[in-house]
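Dear colleague,

My notes on what was found follow it.

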Amino acid sequence: MQPQIVLLKEGTDTSQGKPQLVSNINACQMIVDAVRTTLGPRGMDKLIVNAQGKATISNDGATIMKLLEIIHPAAKTLVDIAKSQDAEVGDGTTSVVLLAGEFLKQVKPFVEEGVHPRIIIKAIRKALQLCMDKINDMAVHIEKQSKAEQRSLLEKCAATAMSSKLIHQQKDFFARIVVDAVLSLDELLPLNMIGIKKVTGGSLEESQLVSGVAFKKTFSYAGFEMAPKSYEPCKIALLNIELELKAERDNAEVRVDNVREYQKIVDAEWQILYNKLAKIVDSGANVVLSKLAIGDVATQYFADRDIFCAGRVPEEDLKRTMKACGGAVMTTANDIKAEVLGLCETFKEVQVGGERFNLFQGCPNAKTSTLILRGGAEQFLEETERSLHDAIMIVRRTIKHDSVVAGGGAIEMELSRLLRDYSRTIAGKEQLLIAAIAKGLEIIPRQLCDNAGFDATNILNKLRQKHSQGGQWYGVDITKEDISDNFEQCVWEPSIIKINALTAAAEAACMVLSVDETIKSPKAGEAPMAGGMGRGMGRPM
């Protein structure tokens with residue numbers, strides 16, 4: 001009798017071998033089915049309700065994946081590639097999940113027949129390399145033309161990114177706004193310099209772009225209404241100082257034996273506050289913004305001297321104001337001089353819907369802008385914000401990498417043709433595998449057709465024929481239920497989206513394929529599988 005050797009903790013769940021790999025692939029398929037219908041201009045939206053009962057309506061692959069709270073370990077890789085695509089490029093999050101899932105689905109029969117995963121991975125890598133070379137060859141470089149031509153190119157890319165979102169009716173209106181916003185940034189195109197503020201009510205067309213900084217009126221005390229609401233020109237003091245009487249430190253002890261002593265202490269406190277306020281007024285500022293609270297005494301003091309003040313300004317807004325208007329954020333009142341003040345031409349407070357906004361315009365180094373979005377329901381506004389985020393990212397990418405390819409499944413069909421032709425020139429297992437990956441690439445045009453309710457088989461056959469005759473930019477035309485030259489139709493996407501999406505999808509597929517065993521430790525607090533419950537303390541026998 002040999003004793004049993006225990007290596008892993010009791011209750012550890014291990015599964016390995018081919019069945020494990022197939023079940024991982026199946027899990028990835030489930031995720032693909034969840035986001036598959038959101039692809040393209042005719043894609044459906046998902047309504048996701050979380051544990052707290054908050055409803056989110058979204059068409060954005062990455063948002064849906066984040067909200068699904070997926071716990072299957074292999075399927076999580078798909079969530080990660082959607083997130084990385086969102087962070088790196090901003091658009092194409094649904095495509096990347098679809099491609100990864102489809103690659104796995106196409107090679108699943110080979111796994112079941114016993115082809116070694118390493119051979120499949122090698123084939124995927126080879127196919128990816130061919131695709132990358134082809135995209136780089138095909139991509140159309142947009143020369144740095146005149147401003148107007150570059151602008152129209154950017155607007156087309158932004159409109160393509162928004163055509164699959166809820167706001168596709170207004171895509172031309174928003175494409176202009178987005179391009180304006182991005183072009184107002186400096187060379188590095190920092191994302192956080194574009195603020196997006198949402199105000200419910202009104203129509204989408206009432207959304208506006210403020211070249212400068214806009215933020216909601218902050219919490220304010222008595223005396224606030226007496227302060228003027230517009231200045232030209234405007235000098236801004238940016239502070240990180242609390243301008244109100246502070247509560248004493250805990251367990252500090254001051255012993256006084258008569259009223260006069262006590263009065264001195266109180267007077268000293270007030271004096272400190274008044275000194276701070278006087279220094280700020282002396283600096284010549286007429287707008288005071290502080291990250292910390294500005295109390296009622298200070299508010300009244302400023303109002304009496306015709307100075308506008310706002311306390312508890314969110315940090316990002318304060319930083320954007322600093323970038324736009326110059327100046328520095330001060331942490332002490334002693335150093336406030338004219339040099340550290342921000343400057344801008346006009347400051348005014350305006351009513352937008354039910355909210356009041358403080359606008360700073362005509363900033364000397366305005367490398368920032370703010371979108372104020374209007375619209376009906378709250379969920380609708382949130383989805384509009386996500387859609388605009390995608391469009392803004394795309395415009396940034398297009399400025400940096402100025403090469404574009406045709407969208408609408410055109411590039412995928414061309415790559416699919418390339419791989420299919422290549423697979424006929426090689427022998428061995430790779431031939432079948434590369435042909436399978438070629439078939440996997442067709443998922444994008446196929447899904448575009450399915451989501452629009454077209455006959456996918458019919459349209460794909462037409463596309464295959466066109467591409468084999470050399471029509472490399474032919475893709476699905478959603479409006480005419482047919483195929484068309486998407487480059488002429490101005491359905492353009494930056495080539496970086498496709499490069500990133502294919503690379504991420506291929507990497508994810510390889511990663512899932514290279515796992516042949518899952519070992520899951522028991523969760524803390526779970527009773528071991530074998531044996532009854534132990535006798536706890538104080539439990540009767």
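In which sense do strand S9 (residues 234-239) and S10 pair, and over how many bridges? The two strands pair in the parallel sense, over 4 bridges; pairing here requires that DSSP finds at least two bridges between two strands. Within this pair, Leu239 stands opposite Ser290 of S10. S10 is also joined to S11 by 3 bridges, and these two strands run parallel. Here Val288 has Cys309 in S11 as its bridge partner.

The model is predicted, so local features need pLDDT of at least 70 and side-chain atom pairs count only at pLDDT 80 or more, while totals for chains, interfaces and linings use all residues. Residues are numbered from 1 along each chain as its sequence is written, and side-chain values use heavy atoms, with hydrogens and water left out. Helices (H or I, at least four residues) and strands (E, at least two) are DSSP runs numbered from the N terminus.

S10 is covered on both faces: Val287 and Leu289 on one side, and Val288 and Ser290 on the other, are all buried (under 20% relative accessible area with a 1.4 Å probe, protein chains only). In general, the side chains of a regular strand alternate between the two faces of the sheet.

Helix H9 (residues 296-304) has Ala298, Thr299, Tyr301, Phe302 and Ala303 as its buried residues. Their cover includes helix H8 (259-282), strand S10 (287-290) and strand S11 (308-310). Just after H9, Asp306 takes a positive phi of about 55°.

Strand S15 (residues 355-361) is joined to strand S7 (residues 212-216) by 5 bridges, and Leu359 of S15 is the bridge partner of Ala214. S15 also pairs with strand S14 (residues 346-352), over 7 bridges, where Val352 stands opposite Glu355. The hairpin of S14 and S15 has 2 residues between the strands, and Gly353 takes a positive phi near 60° there.

As to the chain as a whole, there are 16 helices and 21 strands. The C-alpha trace spans about 100 × 85 × 35 Å along its principal axes. Of the 541 residues, 48% count as buried. Among contacts (heavy atoms within 4.5 Å) between residues at least 6 apart in sequence, 76% join residues at least 24 apart.

Yours sincerely

How values were computed:
Buried < 20%, exposed > 50% of the residue type's maximum accessible area, 1.4 Å probe, protein only.
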